[in-house]
Amino acid sequence: MNYLDMLSRLGVGSAHPGGFSATMSQLSRFPLPAGSRVLEVGCGTGRTSCYLAKQGFDIIGLDLRPDMLAKAKLRAEAERLDVRFVEGDVTALPFEAATFDIVLAESVTNFADIGRALAEYGRVLRPGGILYDREVIATPSITEQAYREVTGFFQLNALLTEQKWIELLQASGFAEITVCDRSPFVEHTTDDQIAYPDMNQVMDPGTVLDASVWQTSLAHDDLIAANRDSLEHALFIARK
């Protein structure tokens, strides 16, 4: 079982570094302007999209995986929200140019062709629109072995340094690029789950007894522990 299949089986709502605590902190420090039209790419099970819908934002959640989107729709129904969820690829967004004020990504772009995805984010943003993209990044000292292990396990298209991210953002037409929250790699913790319990997480039937799920989870934890010095995460904020 691969990493994304594991997340889907478990119905994880905030698999990005820092978990939902990082999402809430970001939205508190960088509040979205009222009336913004928002696109969340790689919305997964829809936790962030539903939260923003509750705050009154016009939001669309997009994901490549139908199994994730099915759980996102169940979440919206449980929370009595009218959220539009769309199946699509971040490298070929099914929207017209200059459609959104905000694009949000939480540990998503790394799984795609990063340059193509960033170009698509820029295309669908209106002039002056803002991209918020929280991603795992490589330290400059990452070894070739660590690079292979991490990209292989997560099936990442690439694992970039901060400087390479900035270069690709600039090449995609973004300006005023700010890098925030650069920190050693951390996953969401028990504290995150206590502070922000996910009351609408939906696991697939039989998941708790599926050994392959927990084998993948343990392999993930071992991989991060072994390569912690090679990984960081950061929030990129870029204006079109």
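**Enclosed and open spaces**

Guide: The model is a predicted one. Its largest cavity has a volume of about 40 Å³, and the structure holds one cavity of 30 Å³ or more.

Visitor: What makes a space a cavity rather than a pocket?

Guide: A 1.4 Å probe fits in a cavity but cannot get out, whereas a pocket is an open set of points. The space of about 40 Å³ is listed as a cavity, so a probe placed there cannot get out.

Visitor: Which residues line the largest cavity?

Guide: They are Thr23, Gln26, Leu27, Thr48, Leu104 and Glu106. Helix α2 (19-29) and strand β4 (100-106) each supply at least two residues of this lining; the largest share, three residues, comes from α2.

Visitor: How is the lining of the largest cavity divided by class?

Guide: The lining has two nonpolar, three polar and one charged residues. Leu counts as nonpolar and Glu as charged; Leu27, Leu104 and Glu106 are among the lining residues.

Visitor: Why is Thr48 called buried?

Guide: Thr48 has a relative accessible area of 4%. Buried means under 20%, and Thr48 at 4% is therefore buried. Thr48 is placed in helix α3 (residues 47-54).

Visitor: Which residues does Thr48 touch, leaving aside those up to four places away in sequence?

Guide: Thr48 touches Phe20, Thr23, Glu40, Leu104 and Glu106. Contact here means heavy atoms within 4.5 Å. Thr23, Leu104 and Glu106 also line the largest cavity, as does Thr48 itself.

Visitor: What is the volume of the largest pocket, and how many residues line it?

Guide: The largest pocket has a volume of about 710 Å³. Its lining comprises 37 residues, of which Leu4, Gly42, Ser107, Val108 and Phe111 lie nearest the centre of the pocket. The elements that give two or more residues to this lining are α1 (3-10), β2 (58-63) and β5 (125-138). Helix α1 gives the most, with three residues.

Visitor: How does the lining of the largest pocket divide by class?

Guide: There are 18 nonpolar, 11 polar and eight charged residues in the lining of the largest pocket.

Visitor: Which residues does UniProt list for the methyltransferase type domain?

Guide: An unreviewed UniProt entry lists residues 39-132 for "domain: Methyltransferase type". Such annotations may be inferred rather than shown by experiment. In the model, the chain over residues 39-132 is 34% helix and 30% strand, and the end C-alpha atoms are 11 Å apart.

Terms used: Residues numbered from 1 in each chain as written. Predicted model: local features only at pLDDT ≥ 70, side-chain atom pairs only at ≥ 80, totals over all residues. Heavy atoms only, no water. 1 Å grid on protein atoms, 1.4 Å probe; cavity = no way out; pocket = protein on both sides within 12 Å on 5 of 7 lines; lining within 4 Å. Points joined across faces, edges and corners; volume = space filled by probe spheres on them. Helix = DSSP H or I, 4+ residues; strand = E, 2+ residues; numbered from the N terminus. Buried < 20%, exposed > 50% of the residue type's maximum accessible area, 1.4 Å probe, protein only.
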